[in-house]
Amino acid sequence: MLPVKKLPEIPEGITDQKAFCTRCRCLHSIPRAPAAHAALDLMARMDKELEISYLYGKALGKMFGVLICRSETGKTVILKAFSGQYNGEWEIKGWVPPLFDVNAFQQLNDPMEEKIKALGKMAATFRPDSRRYKEILNQRKQLSQQLMRDIHALYSLHNYRGEQRPLARLFPKGRGIPTGTGDCCAPKLLNYAAINNLQPQALAEFYWGRSNRSATKHEGQFYLACDGKCGPLLGYLLCGIQEARAS
Ligand SMILES: [Zn+2]
Ligand SMILES: [Zn+2]
């Protein structure tokens, strides 16, 4: 028997999620408080939804999210997401998929990763001060950068005005795109809702599992979307949402 956990309570004064939209040059927002109950419900059945021992091992915990939506027929639909991959999987039944086609990702990523790894091994056979060593490492760096660009090109973001944009276009030119951008819960949930004609009503993200290394995230706590990765995306992803909610 697993120890019975005392579930967290809904924090008071939970603020709306806001994000600046470069398209409209204003802030768009979505309430968080109305999604808190659905988030607590999910926390209560996490061990039935997933193999949760993963969250207490080497991988540590992660962020989870719920998005309450209204369907075209007026039905309430609750979407749920985990950030990034879960125990090596991009797709798990019942959870929203990532922003890209998983097959296309694997076809692109897997052979390139092999090549990048092979270059690393090859470099190790040369002396670190040799010219060949530096050449191989430089080649490896260029391959990884190209792979990142090609991977980012697979991510397409949809807003609530029926528009879509590639991920790289939402980041200011010259500013690097952090690893894992687009894989957080909020982008997954909002993008999925936009594609499937669901009108988002409220969004909540929380942490579950063993605290992260820097101990800034704790199980059962609610958090706003991250600035570094989600900041540049969320404004666009929320674009048109207020109109969609009102209609
Ligand atoms: Zn994020
Ligand atoms: Zn906008």
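F206 counts as buried, at 0% relative accessibility. The model discussed here is predicted. F206 and W208, both of them buried, have ring centres 6.3 Å apart and planes at 85 degrees, so the two rings form an edge-to-face pair.

**Aromatic rings**

- The count of aromatic pairs comes to eleven.
- F64 and F206 are a stacked pair, with 5.9 Å from centre to centre and 25 degrees between the planes.
- This pair links distant parts of the chain, since F64 belongs to strand β3 (residues 62-70) and F206 to strand β7 (residues 199-208), 142 residues apart.
- F64 is buried, because its relative accessible area of 0% falls under the 20% limit.
- Ring pairs join F206 and W208 with Y54, F64, F82, Y86 and W95 in a cluster.

**Charges over rings**

- W95, a member of that cluster, has the charged end of K80 over its ring, 5.0 Å from the ring centre.
- K217 lies over the face of Y223, at 5.6 Å from the centre of the ring.

- Four strands form an open sheet in the order β4-β3-β7-β8, and their pairing is antiparallel.
- The edges are β4 (76-82) and β8 (222-223); each has a single partner strand, so one side of each lacks a neighbour in the sheet.
- Strands β7 and β8 run antiparallel and are joined by two bridges.
- In β8, F222 is the residue that stands opposite F206.
- Helix α1 (residues 36-44) packs on the sheet and touches β3, β4, β7 and β8, while its direction makes about 45 degrees with that of β7.

- C184 is buried, with a relative accessible area of 12%, whereas C226 is partly exposed, at 27%.

Note on methods. Residues numbered from 1 in each chain as written. Chains lettered and ligands numbered in written order. Predicted model: local features only at pLDDT ≥ 70, side-chain atom pairs only at ≥ 80, totals over all residues. Heavy atoms only, no water. Phe/Tyr/Trp six-rings, centres within 6.5 Å; stacked < 30°, edge-to-face > 60°. Buried < 20%, exposed > 50% of the residue type's maximum accessible area, 1.4 Å probe, protein only. Lys NZ or Arg CZ within 6 Å of the ring centre and 35° of its normal. Pairing = 2+ DSSP bridges. Contact = heavy atoms within 4.5 Å. Axes fitted to C-alpha atoms, helices over the stretch in contact; angles between N-to-C directions.
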